[in-house]
Amino acid sequence: LLLLPTLINLKVIKAKIAQELRTRYKIEIQIGEIQLKILPKLRLLLQEVTLNQDHLFKLSIPYVTISPSLSSLMFFKLKGDLSFTQPQLIIWENQTKEIEPFVLPDWESLQKKLFSLSFVNKLHLTEGRFIFFQGKTPLFSVSSLNLDASLQKEQFLLTASFSPSFAQNFFLKIRAHPTGGIEGEIKGKGISLHYMTFLPQFWHRIEAKGDLHLTFHYVPKEEVNIGFNFIFPCLRLKTSSEAQRILTFKCGIIQGTTLRQHDRWDIKLTKIDLKTPHIYGQASFFYQKGKGVGYTLQARDLNIEEIRKYALTLFPEHKTVKKIFDIVKAGKIASFTLSQRAKGIAGLKKGKTIKIDAMADGAEIDIPGTHLLLQQAKGMVWVREGVLYGKDISGKIEGAQLQNGQMAICLKSKPGTLEVKTTLIASLKTAMAFLKHFVKTESVQRELDKIKQVEGKVKATLHLYGTYHKVKVAL
């Protein structure tokens with residue numbers, strides 16, 4: 001064993017490493033110095049190692065340690081453990097190559113890549129650094145990277161911790177095996193979405209710091225299953241409209257799962273808990289190419305004024321959303337369900353596909369074309385095919401009590417049809433005011449002007465019908 005350093009030609013080993021990387025991966029390598037140590041265990045020490053590939057990346061490693069078995073070293077196979085100390089990896093975006101959509105790899109190709117490192121059993125990396133450039137601009141970086149990976153016959157194991165430029169720290173654990181695909185978990189603390197500049201442009205309008213916990217399971221050619229839990233103290237969203245405004249969401253918890261089976265995606269938010277605006281509920285979303293897309297949102301105890309502000313700011317050009325909140329202005333909603341289905345993403349922009357089911361509790365409803373505001377309204381309301389319906393509506397209007405009300409109000413100004421039918425309980429004075437307000441016939445108005453004083457109460461059926469521009473009344 002003591003004579004081993006004199007028996008091993010280090011130049012041959014150096015050439016073997018360079019040949020394997022060049023042939024298999026088209027990677028060029030430069031090694032400054034190579035030494036063979038036998039105590040306390042057999043190992044090769046490489047210093048000032050540099051790897052690069054066609055101006056796509058450059059990896060600089062001050063110290064590399066390979067711990068091969070004696071037999072592999074004698075036959076120059078170098079099967080053993082690999083350790084990197086303070087490596088630095090720089091990657092430049094390939095701007096000449098067209099970006100292809102992400103496709104999950106099948107296990108066969110992934111396995112081939114994982115286990116094709118013929119000279120590695122285990123990989124240990126200490127205090128690594130990684131920088132990704134777009135042109136001369138760094139998009140993001142990773143520091144304090146510590147990694148352990150094990151390439152075995154039946155599985156690949158990896159654990160890593162690091163500090164990216166957009167978060168305080170990350171922890172990653174992955175296990176890959178031929179029969180069950182890939183599984184693992186990711187934990188991130190202090191993640192700042194605003195600094196994740198490599199994400200699509202929409203995310204650049206989000207300012208938030210939060211903690212994320214992901215678990216995932218990938219079964220080749222069958223499914224992708226992801227569980228997630230995102231907690232954030234404050235999230236600010238800049239709207240895309242010309243008069244850019246900032247919406248603040250406070251104290252949020254979002255939990256859920258994402259499942260892909262073949263060509264169908266299902267996202268379920270099992271818990272949505274926000275303090276500002278106050279939202280507590282759940283949601284689901286599905287998409288299947290060529291077959292449809294849709295979502296459902298359920299919540300309870302909503303403040304209409306608060307939700308109105310956020311909805312009109314997020315969707316300033318959505319006519320249906322605007323019209324709903326022109327009619328329903330304030331108060332509370334005890335329970336709320338919003339859903340929509342369409343053949344494609346573009347179909348979700350159509351107001352007629354929106355479905356809403358809600359239980360109003362103390363709401364304010366402005367009846368179009370009447371200048372009447374129904375206050376403290378309670379009852380069932382729903383939206384179908386662009387029409388706002390109501391049933392068992394009760395409340396107050398101009399000093400009168402309404403009961404057992406029904407309504408159907410078209411959300412489009414053309415034709416702008418409406419019909420409201422309700423039991424009215426009021427003083428005779430209030431009833432006379434209703435007649436004077438709605439019945440514009442000259443002879444009726446003259447007769448009403450002659451009545452100077454009335455007493456008592458009246459119970460009647462109030463029936464409003466017509467259009468926004470011309471409302472008729474029957475009392």
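This dialogue explains how to read several features of a predicted model.

Visitor: How many helices and strands are in the protein?

Guide: Helices (H or I, at least four residues) and strands (E, at least two) are DSSP runs, numbered from the N terminus. The protein has 8 helices and 24 strands.

Visitor: What percentage of the residues count as buried?

Guide: Buried means under 20% relative accessible area, exposed over 50%, and partly exposed in between, using a 1.4 Å probe and protein chains only. Of the 475 residues, 39% count as buried.

Visitor: Which peptide bond is cis, and which residues have a positive phi?

Guide: Most residues other than glycine have a negative phi, and most peptide bonds are trans. Here a cis peptide bond joins T276 and P277, with omega about -10°; P277 lies in the loop between β14 (264-274) and β15 (279-288). H262 has a positive phi, near 60°, and is found in the loop between β13 (246-261) and β14. H262 is exposed, at a relative accessible area of 55%. D392 also has a positive phi, near 55°, but lies in strand β20 (residues 387-397); D392 is partly exposed at 47%.

Visitor: Which residues of helix α6 are buried, and what covers them?

Guide: An α-helix has 3.6 residues a turn, so residues three or four places apart point the same way. In α6 (residues 319-327) the buried residues are T320, V321, K323, I324, F325 and I327. Their cover, judged by contact (heavy atoms within 4.5 Å), includes α5 (304-314), β17 (328-342) and β18 (354-367).

Visitor: How many aromatic pairs are found?

Guide: A pair of aromatic rings is described by the distance of the centres and the angle of the planes. Rings of Phe, Tyr and Trp (its six-membered ring) pair if their centres lie within 6.5 Å; planes under 30 degrees apart count as stacked, over 60 as edge-to-face and the rest as tilted. The whole structure holds 8 aromatic pairs. F166 and F170 have centres 6.0 Å apart and planes at 75°, so this pair is edge-to-face. F230 and F232 form a tilted pair, at 5.4 Å and 40°; F232 is buried at 3% relative accessible area.

Methods: Residues numbered from 1 in each chain as written. Predicted model: local features only at pLDDT ≥ 70, side-chain atom pairs only at ≥ 80, totals over all residues. Heavy atoms only, no water.
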